[in-house]
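Hi,

Here is the structure I said I would pass on.

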Amino acid sequence: MSTSAHIADDTVEISVKSWIEKVIVGLNFCPFAKKVMERNTVRYAIFPATQVKDALSHLLEELTLLDQLQDIQTTLLIFPQGFSNFDDFLDMLGLANTLIEQGGYGGIYQLASFHPDYCFDGEEQNDPANYTNRSPYPILHILRESSVETVLEHYPQPESIPENNIAKARKLGLSFFKTLLSNQNQNTESS
């Protein structure tokens with residue numbers, strides 16, 4: 001999907017929800033996502049930011065909101081018009097993590113990241129493993145550390161999750177993901 005054109009917020013949210021349903025929950029890349037989806041405790045915050053300072057400002061606003069709304073477990077901070085270049089996104093992510101630490105949010109919140117062109121350091125762009133973190137739009141996923149710690153206490157060998165996901169993605173193969181995401185994009189566009 002192009003991130004340069006203006007896209008309606010409801011279209012963005014539908015696309016992200018479909019990706020979560022089919023990829024993250026459907027392939028069990030995050031064994032904890034299904035519960036928060038079923039409980040409707042995920043916030044979809046869509047921002048038109050294209051500049052780093054604006055994105056960081058939105059991140060701070062979202063952290064303040066999460067402090068106030070304890071029933072929201074996690075927020076997906078979605079940037080449909082900005083950060084289409086993966087390296088620019090990584091730069092913004094680094095500053096966002098610094099902001100969390102220096103802003104007094106370290107140990108309270110943590111970030112996960114997703115991007116349409118996500119590529120693990122040292123891996124080839126067409127490695128199917130990258131699809132464990134590929135999303136329809138650039139996304140900063142804000143997680144409550146206390147919630148993460150609680151679910152990890154009840155999950156055997158949580159450190160194996162990334163390795164298991166990579167192995168599963170490679171077994172499924174590149175054509176599987178291209179077909180899955182192509183079908184998702186077609187379904188979203190017809191909505």
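Predicted model: local features only at pLDDT ≥ 70, side-chain atom pairs only at ≥ 80, totals over all residues.

Residues are numbered from 1 along each chain as its sequence is written, and side-chain values use heavy atoms, with hydrogens and water left out.

The sheet is open and has 4 strands in the order S1-S2-S4-S3, with mixed pairing. (Helices, H or I with at least four residues, and strands, E with at least two, are DSSP runs numbered from the N terminus; two strands pair if DSSP finds at least two bridges between them.) S1 (42-46) and S3 (109-114) are at the edges with a single partner strand each, so one side of each has no neighbour in the sheet. From one strand to the next the twist averages 20°; angles run from 0 to 180 degrees between N-to-C directions, with axes as lines fitted to C-alpha atoms, for helices over the stretch in contact.

S2 (residues 74-78) is parallel to S1, over 5 bridges, and Arg43 sits opposite Thr75 in S2. With S4, S2 pairs in the antiparallel sense, also over 5 bridges, and there Leu76 faces His141 in S4.

How many residues of S2 are buried? It is 5 of the 5, so S2 is largely enclosed by the rest of the structure (buried means under 20% relative accessible area, exposed over 50%, partly exposed in between, with a 1.4 Å probe and protein chains only). Thr74, Leu76 and Ile78 point one way from the strand, Thr75 and Leu77 the other.

H3 (residues 52-68) touches S1, S2, S3 and S4 (139-144), and its direction makes about 25° with that of S4; contact here means heavy atoms within 4.5 Å. H4 (residues 86-102) touches S3 and S4, and makes about 175° with the direction of S3.

Lastly, H6 (residues 161-172): its 12 residues reach 16 Å from first C-alpha to last, close to the 16 Å expected at 1.5 Å a residue (the expected span is 1.5 Å times one less than the number of residues). Ile161, Asn165 and Ala169 are buried in H6. They cover an arc of only 65° around the axis, which puts them on the same side of H6; the arc is that of the directions from the helix axis to the C-beta atoms. After H6 comes Gly173, with a positive phi near 90°.

Cheers
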